[in-house]
Amino acid sequence: MDFTSLYDSLSLIKPEIVISVTLLLIVIFDLIFHKNKTLIPYIALAGLIIGGIYVLSDISNSGFAFVISSTSNNFGLLALDSFGSYFKFLIIITSILIVFFAKHSLEIKNTGTRQGEFYTLLFGMILGMMFMISASDLIMIYVSMELLSFSSYVLAGFIKLRDRNSEASLKYIIFGGVASGIMLFGISLIYGLTGTTNLYQINQVLQSAHVNLIVLSFSLLLVVAGIGYKISAVPFHFWTPDVYEGAPVSITAFLSVASKAAGFAILIRLIKTAFVSNIDSVGNWQLIPVFDWQTLLAVLAILTMTLGNFAALWQDNLKRMLAYSSIAHAGYLLLGIVVFSEIGIEAVLIYFAVYMLMNLGSFYIVMLIADKTGSENIDDYGGLGYVTPFLGVSFAVFLVSLTGLPPTAGFIGKLYLFIALIDAKMTTLAVIAVLNSVVSLYYYIRVLKHMFLKKPDGNVREIKLSAANIVYIVILLIPVLLLGIYFTPLVNFAESCLAFLHF
Amino acid sequence: MESIGLNHFLVVSAILFSLGIYAVVTRKNAIMVLMGIELILNSANINFVAFSRYGNSGLGGQITALFVIILAAAEAAIALAIVLNLYKTFAHVNIDEIDKLNS
């Protein structure tokens with residue numbers, strides 16, 4: 001690799017470089033200012049904001065970074081395109097919100113001087129996700145997924161010597177290790193079949209040469225197991241409720257939004273770059289007839305949303321309930337991929353932006369209440385709507401939005417998904433999804449019933465909110481309400497971010 | 001006598017993979033489960049090296065195997081740290097008895 005191509009590659013991954021430098025700065029500041037950790041969140045914020053600016057300014061840029069030039073065709077390890085930039089922007093926004101989230105969280109505050117490690121590991125996760133989103137090589141996917149996973153294993157058990165945390169991180173690393181191992185085995189078989197690990201070259205091989213379809217299907221199932229674990233689709237979801245309940249709330253919120261977004265981005269990129277032969281004028285994808293992605297993903301989606309919603313009905317712990325609800329949302333999002341068209345992907349992009357806002361909002365309120373009352377149990381929420389009306393009302397908005405009722409943003413997300421499904425004449429799937437939303441209404445509204453229809457008994461203390469808490473909630477609340485009425489900017493933004501490299 | 005070819009390596013790696021899955025599913029001790037995960041990773045490594053040697057696709061597979069070895073070492077370090085922390089909390093590492101979250 002000569003130096004001009006190295007320079008070109010580096011200029012394409014500016015946001016990732018900024019995040020790496022910030023990670024190093026945090027480590028250095030953590031070591032220099034050993035006692036005082038107040039500065040570190042601000043360094044993290046500055047890095048994230050600069051990274052976000054680079055993502056936005058490069059949003060229309062595209063190209064291959066780290067090209068393997070020895071081969072006849074110039075495909076690289078990373079494919080930079082506007083689809084990836086959309087997800088990167090989403091992850092940067094989530095990370096900024098999570099930094100404030102962690103700053104307000106009592107759990108993290110109580111770790112004292114270990115806060116520096118918290119932000120270092122958080123940036124490890126962010127870096128892994130950003131590389132994962134634009135990875136166009138199976139090995140790159142594996143390595144970046146491990147970078148993301150390793151940091152999140154540690155963060156899941158960050159509050160040391162608390163049994164819930166230790167258990168969560170143990171379950172996370174065992175399930176994660178097995179899932180990534182299985183995925184790696186699948187990757188090795190694909191490498192054997194096609195002689196390459198680059199997604200674009202796999203596409204060429206699949207179109208021109210004949211491969212053993214049984215082995216290919218088997219190895220793709222293994223790869224889907226690895227990605228399915230990241231997005232917590234149903235046969236691979238066992239870790240989700242336990243880890244989400246046990247981990248610190250800020251990490252739970254981060255895992256449920258950002259880590260899932262990265263998983264979905266890589267699933268879409270894998271299918272689109274390696275298995276789509278042609279895109280017709282209406283935007284429907286023509287898949288290479290080697291593997292029945294549509295049936296597999298449709299079955300996964302139905303299983304995921306049904307199990308997620310029905311299991312959530314019986315949960316009394318709010319974090320556990322939101323964990324199952326996030327499984328159900330992964331099911332809805334999978335429906336957007338099943339359509340295999342530009343409209344479907346646009347629906348996924350819109351849904352993710354909305355899902356980020358409402359999910360972070362719900363977790364934030366759960367965190368505030370847990371910090372004050374020391375409990376995440378639904379029975380301890382009795383009468384809280386009377387004691388702290390602001391918290392109750394904003395929680396109500398977030399939960400109604402998660403259900404997908406108008407006039408909230410959640411409705412718009414679901415609306416675009418269902419439009420995509422009806423457009424592709426998949427009415428059965430749309431009906432199943434609507435019925436699932438009805439089921440989800442029960443457990444979301446159950447929380448509100450406890451908060452508003454129970455008279456507060458004597459031992460319910462008032463939850464005092466600081467100004468920062470209120471500002472944080474309002475910042476999430478306004479878009480959730482506004483996007484329910486005026487959603488054109490978001491839709492246009494998503495529409496402009498559908499371009500894949502070489503398609 | 002037949003010389004050793006690609007199939008021999010693939011059979012060995014398939015056996016290792018199955019043993020790894022078997023260890024993960026049946027073992028009670030967290031350390032043993034982690035060793036099962038190592039077996040899975042190594043079976044994939046054998047595949048990569050064998051395909052790279054007998055297939056006609058350059059050295060990519062062997063380099064990948066090197067990457068995987070490094071990642072496996074990092075994963076083992078993190079996993080052992082987590083198990084150590086678990087031992088401090090529960091005073092045992094039997095994963096069947098660690099079920100406080102399944103209430």
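**Reading the model, feature by feature**

Reply: Let us begin with a turn between strands. In the hairpin formed by β3(A) and β4(A), five residues lie between the strands, and A:G283 adopts a positive phi near 100 degrees. The model is a predicted one.

Me: How many bridges join strand β3 to strand β4 of chain A?

Reply: Three bridges link β3 (residues 276–279) and β4 (residues 285–287) of chain A, and the two strands run antiparallel. Within this pairing, A:V276 stands opposite A:L287 of β4(A).

Me: Which residues other than glycine have a positive phi?

Reply: The general idea comes first. Most residues other than glycine have a negative phi, and most peptide bonds are trans. Here, A:K425 has a positive phi, near 60 degrees. A:K425 sits in the loop between α18 and α19 (427–452) of chain A, and it counts as exposed because it has 10 C-beta neighbours inside 10 Å. In chain B, B:A91 has a positive phi of about 65 degrees. B:A91 belongs to the segment after α3 of chain B and is exposed, with 7 other C-beta atoms within 10 Å.

Me: Where is there a cis peptide bond?

Reply: The bond from A:P406 to A:P407 is cis, with omega near 5 degrees. A:P407 is placed in the loop between α17 (389–403) and α18 (409–423) of chain A.

Me: How should I read the packing of two helices, and at what angle do α12 and α15 of chain A pack?

Reply: Helix α12 (residues 249–275) and helix α15 (residues 342–373) of chain A pack at about 170 degrees, their axes being 8 Å apart. α12(A) is therefore roughly antiparallel to α15(A). Among the contacting residues are A:V249, A:F264 and A:I268 of α12(A), together with A:F352, A:Y355 and A:F363 of α15(A). The residues of this contact comprise 16 nonpolar, three polar and no charged.

Me: Is helix α11 of chain A mostly covered or mostly exposed, and against which helices do its buried residues pack?

Reply: A residue is buried if 20 or more other C-beta atoms lie within 10 Å of its own. For α11 (residues 239–246) of chain A, eight of eight residues are buried, and the helix is mostly covered. Its buried residues, including A:W239, A:D242 and A:E245, pack against α7 (138–156), α8 (163–194), α12 and α14 (318–338) of chain A.

Me: What can be said of chain A as a whole?

Reply: Chain A contains 21 helices and four strands. A compact globule of 503 residues would have a radius of gyration near 23 Å, and the 22 Å of chain A agrees with this. The C-alpha trace spans about 75 × 60 × 40 Å along its principal axes. Buried residues account for 59% of the chain. Of the contacts in chain A between residues at least 6 apart in sequence, 77% join residues at least 24 apart.

Me: Finally, how many residues of chain B are in contact with chain A, and which elements contribute?

Reply: The contact involves 35 residues of chain B and 34 residues of chain A. On the chain B side, the elements giving two or more residues are α1 (6–26), α2 (30–54) and α3 (60–90). The largest share, 16 residues, comes from α3(B). That side of chain B divides into 22 nonpolar, 10 polar and three charged residues.

Terms used: Residues numbered from 1 in each chain as written. Chains lettered and ligands numbered in written order. Predicted model: local features only at pLDDT ≥ 70, side-chain atom pairs only at ≥ 80, totals over all residues. Axes fitted to C-alpha atoms, helices over the stretch in contact; angles between N-to-C directions. Parallel < 35°, antiparallel > 145°, perpendicular 65-115°, else oblique. Contact = placed C-beta atoms within 7 Å. Nonpolar A, V, L, I, M, F, W, Y, C, P; charged D, E, K, R; others polar. Pairing = 2+ DSSP bridges. Buried ≥ 20, exposed ≤ 12 C-beta atoms within 10 Å, placed from the backbone. Rg over C-alpha atoms; globule rule 2.2 N^0.38 Å.
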